[in-house]
Amino acid sequence: MSQTFNLVLLGINHNTAPIEVRERLAIPAGRLADATRTLIHQPGIREGLILSTCNRVELLTVQENADPNSNAELLRFLHEYFSLAPATLTPHLYEYREGEAVRHLFRVASSLDSMVVGEPQILGQVKESYSVAREVGAVASSLDALIQRAFTVAKKVRSETQIGSSSVSIASVAVDLARKIFNTLDGKTVLLVGAGKMSELAARHLMQHGASNILVANRTAERAEKMAAQFNGQVVPFDALYDQAARADIVITSTGAPQKLFGRSHGQHFLHSRRNRPMFFIDIAVPRDVDPRMNEVEGCFVYDIDDLQQVAVANLADRSREAAAAETIVTREVEKYQQRVQSLDAASAIRGLQEHAENLRQAELRRSASKLAGLTAEQQAAVEALTRSLTNKFLHPPMTALREAARDGDAQALAELEALYLGQPRSRNGSKS
Amino acid sequence: MNEHFMSLLWLRVAVLLYGIAALAVLPAALYERPRWRHIAVPATIAALLFHFVSLAEMLNAAHHSLPVDTHETQALLGLLLACAFVIVYWRYRTVSLGIFVLPICFLLCLIPAFRPGQESMPFPQFHTGWIFLHVALLLAAYAALLLSLLASVLYLIQERNLKSKHTRPSAEWLPPLETTDQIALKSLLFGLPCMTAGLFIGSLIAQQTIGPSYFLDPKVLLSFAMWLAYVGMIYIRRHSGLRGRRAIYLSAFVFFVVLAVWSANQFSAVHRFTTP
C-alpha cells in the first residue's frame with residue numbers, strides 16, 4: 001500500500017480487548033473534547049480525532065513525520081491520559097497506517113467492523129467524534145477530507161447493499177414481523193399476558209414504534225396494575241382474558257403457566273369476533289402459552305421464542321452475505337481515495353517542476369541579456385517564445401510520467417522522478433523535506 | 001390521418017416508457033433500490049401523460065371518435081391500470097404491485113401502438129361523450145377488479161410467508177398484509193360505482209337507440225350477472241371481513257365472469273357497433 005499523508009490509527013475494540021480493558025479507556029461524551037485537545041497537543045501530531053464507543057476506542061491522527069517503527073506519541077498519550085501501565089494496554093492495541101488506516105476507518109464508518117455488523121449507531125458516533133474534533137480545532141484539511149469521504153462511503157454501503165435492512169434482536173424482529181402484518185403500529189392495541197421482564201421489554205419496543213394502547217392481564221392483579229401504570233395502559237382481569245383478547249392486534253404472552261393458555265379454538269373465536277382482522281401472537285413463555293396449531297387458523301400468526309430467534313439468526317446470516325458486497329465497495333473506495341491523494345501529490349510535484357524550469361529559463365535569459373540587447377522587440381519576443389516552447393517540450397515527458405505514477409499509486413516511481421528532476425523528493429504535504 | 005399518426009406516435013412513446021418503468025420496478029421492488037424507484041414512478045407518470053395525449057388525439061381523430069375496437073379498449077385499460085398503480089404508490093408508498101401491473105400495461109398497449117385496429121364506428125348517433133363514458137367506466141371497473149385480484153394474490157403470498165416462519169430475503173418485497181387488504185377492498189369499492197354507472201349509461205343509450213330487444217342479448221344479460229356477482233363479492237368481503245385464500249377464490253370467480261363478458265363482445269349479435 002502506498003503512502004498518503006502520515007496517517008496513523010491506534011486503537012482497541014471488542015475483538016482485541018475484553019470489557020475490563022475497554023471500560024478503562026472509554027471516554028464519556030462530556031470529556032471527549034478535552035481528550036481530543038490533549039491528543040492534538042502531543043508533539044508531532046498535526047490533526048487528530050478520537051472515536052470512543054462501548055466497543056472501541058480509536059485515535060486517528062495525521063502526524064508531522066510518522067516513524068513507521070514507532071507509535072510512541074500515541075502510546076504516551078494513552079498511558080498518561082488514562083493512567084494505564086503500558087503492559088496493560090499494549091497487548092490489546094492495533095495499529096494501522098496510511099492506506100490500511102483509511103480502509104479501517106471506512107470499514108468502521110460502514111459498520112463492517114462492528115460487533116453486530118450493519119448496526120446503524122456507529123456512523124452517528126463517528127459523526128459525533130468528528131464534530132467534537134472540529135470544535136476543538138483538531139481537524140484540518142487532510143483529516144477533514146478523509147472523514148467526509150468515510151461518511152460518503154458509509155452512505156454508499158447503506159444504499160447499495162442491504163447490510164442494515166434486517167433486524168437481529170428478538171424485540172426488533174417482533175416489530176418487523178408486526179409491521180409485515182399491520183404495516184404501521186400506529187394505534188394498534190397490544191395485550192400483555194403475564195407481567196414479566198421480557199414482555200415488558202417487547203411492549204416497550206412496540207410502543208416506541210407506534211403501538212398506543214396497552215392492555216395487561218396477569219394472575220396477580222397488583223403486578224398487572226403496576227405494569228399498566230408504566231405504559232399508561234389498562235388492566236384486563238385474568239378471568240376476562242378470553243372475552244377481551246380479541247380487542248388486541250398483538251398479544252405478547254410470557255406467563256409461567258404449565259399448560260397452554262390459548263388453543264386453536266380460541267384463535268378461531270378471536271378471528272370471528274374481529275371479522276377476520278389478523279392477530280399476531282408473540283409467545284415468549286417457556287413452556288409455551290400458545291398452542292402452535294393456532295398458527296393454522298387463517299389470520300392468526302403465532303411466533304414463539306425459537307421462531308423469533310431463528311429469524312434473527314437468519315437475518316444475521318443475510319447481513320454477513322451483504323457484508324461481502326460492502327467490503328468490495330470499501331476496497332474500491334479506498335483505492336479511489338488513494339488515487340485522489342496521489343494525484344494531488346503529483347500536482348504539487350508538477351508545479352514544483354514547472355517552477356524549477358521557469359527559474360532556469362529566466363536565469364539563462366538574464367545571463368544572455370547583454371548579448372540579446374541588440375535585438376528588436378519582435379526578435380526578443382521570438383527568443384522568449386522559443387525558450388518557453390523548448391522548456392515545455394522538455395517538461396512534457398517527466399510531467400506525463402509523474403501523472404502516470406500518481407494514477408497508478410506508484411509512490412516509489414513518484415519519489416524517484418521527483419529526485420531525478422527536482423534533486424530531492426518532496427514531502428506528502430507539498431513542502432520540501 | 002395526421003391526428004391518427006400523432007396519436008400512434010404518442011402511444012408508442014408511452015409504450016416505451018411503460019417498458020422502462022416495467023423493468024425499473026423490478027430492482028426497485030425486489031431489492032428496495034430507491035434509485036430504480038425514482039426511475040419507475042416518473043417513467044410511469046410520463047407514460048400516462050403521453051398515453052393521455054394519445055387518447056385525446058384519437059378522440060379528436062376525424063374517422064372515428066371512440067375506442068371501439070379490441071386494441072383500442074386494451075390500450076385504454078392499460079392507461080387505467082397505470083393510473084391505478086400511480087394512485088396506489090401515492091397512497092401506500094409501495095411499488096410492489098408494479099411488478100405485475102406495469103408489464104400488463106406495456107403488453108396491453110404494445111399491439112395497439114404498432115398494429116392499430118382497422119374497425120370504425122359507422123353509427124353517427126354513437127358519436128357522443130356518453131358512449132365513451134360507458135366504455136371508460138366499465139374499463140375502470142375491470143381495472144379495479146384486476147388490481148384487487150393482484151392485491152389479494154400478494155396478500156396470500158405474504159400470509160403464507162409469515163405462516164411458514166422462514167422469512168426469506170426474497171420475500172421482503174411483499175407489501176404488509178394490511179396494505180394489500182386495503183388495496184384489494186378499496187379497489188373493489190371504487191369499481192362498483194364505475195360498473196354501476198357504466199352499465200346504467202349503456203342501458204339508457206341502448207334503450208334509446210335499439211329498443212327493448214337489446215336487453216334480450218345474452219351478452220347484455222351476462223353483463224348484469226357480472227354486476228350482481230360484483231355486488232355479491234363486495235357484500236361478502238365487507239360483511240365477513242373475508243381475506244386470504246377464500247377472498248382470492250371469490251375475486252377470481254368474478255374476474256372470470258368479467259373475462260366472459262369481455263369475450264362475449266366478440267359473439268354478441270347486438271353489442272357490436274363497429275365495421276371492419
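Here is a short chat about a predicted model with chains A and B.

Colleague: Let's start with the interface. How many residues of chain B are in contact with chain A?

Modeller: On the chain B side there are 17, and they are in contact with 18 residues of chain A.

Colleague: Which elements of chain B give two or more residues to that side?

Modeller: Those are helix 5 (129-164), helix 6 (177-209) and helix 8 (244-264) of chain B.

Colleague: And how do the residues on that side of chain B divide?

Modeller: Five are nonpolar, six polar and six charged.

Colleague: OK, switching to the inside. Which residues have the most contacts inside the largest nonpolar core?

Modeller: Val216(A), Tyr18(B), Leu81(B) and Ala143(B), in a core of 133 residues. Helix 5 of chain B gives the largest share of this core, 20 residues.

Colleague: What does Ala143(B) touch, leaving out residues up to four places away in sequence?

Modeller: Ala143(B) touches Leu77(B), Leu80(B), Leu81(B) and Ala84(B). There's also a second, separate core of 51 residues, which includes Leu7(A), Phe77(A), Val132(A) and Val334(A).

Colleague: Now helix packing. At what angle do helix 2 and helix 6 of chain A cross?

Modeller: Roughly 60 degrees, for helix 2 (residues 32-40) and helix 6 (residues 121-135) of chain A, with axes that come within 9 Å. Helix 2 of chain A is therefore oblique to helix 6 of chain A, and the crossing is right-handed.

Colleague: Which residues make that contact?

Modeller: From helix 2 of chain A, Leu32(A), Ala33(A) and Thr36(A); from helix 6 of chain A, Ser129(A), Val132(A), Ala133(A) and Glu135(A). By class, that contact has four nonpolar, two polar and one charged residues.

Definitions and conventions. Residues numbered from 1 in each chain as written. Chains lettered and ligands numbered in written order. Predicted model: local features only at pLDDT ≥ 70, side-chain atom pairs only at ≥ 80, totals over all residues. Contact = placed C-beta atoms within 7 Å. Helix = DSSP H or I, 4+ residues; strand = E, 2+ residues; numbered from the N terminus. Nonpolar A, V, L, I, M, F, W, Y, C, P; charged D, E, K, R; others polar. Core = buried A, V, L, I, M, F, W, Y, C linked by C-beta atoms within 7 Å. Buried ≥ 20, exposed ≤ 12 C-beta atoms within 10 Å, placed from the backbone. Axes fitted to C-alpha atoms, helices over the stretch in contact; angles between N-to-C directions. Parallel < 35°, antiparallel > 145°, perpendicular 65-115°, else oblique. Left-handed = near helix turned anticlockwise from the far one by under 90°.
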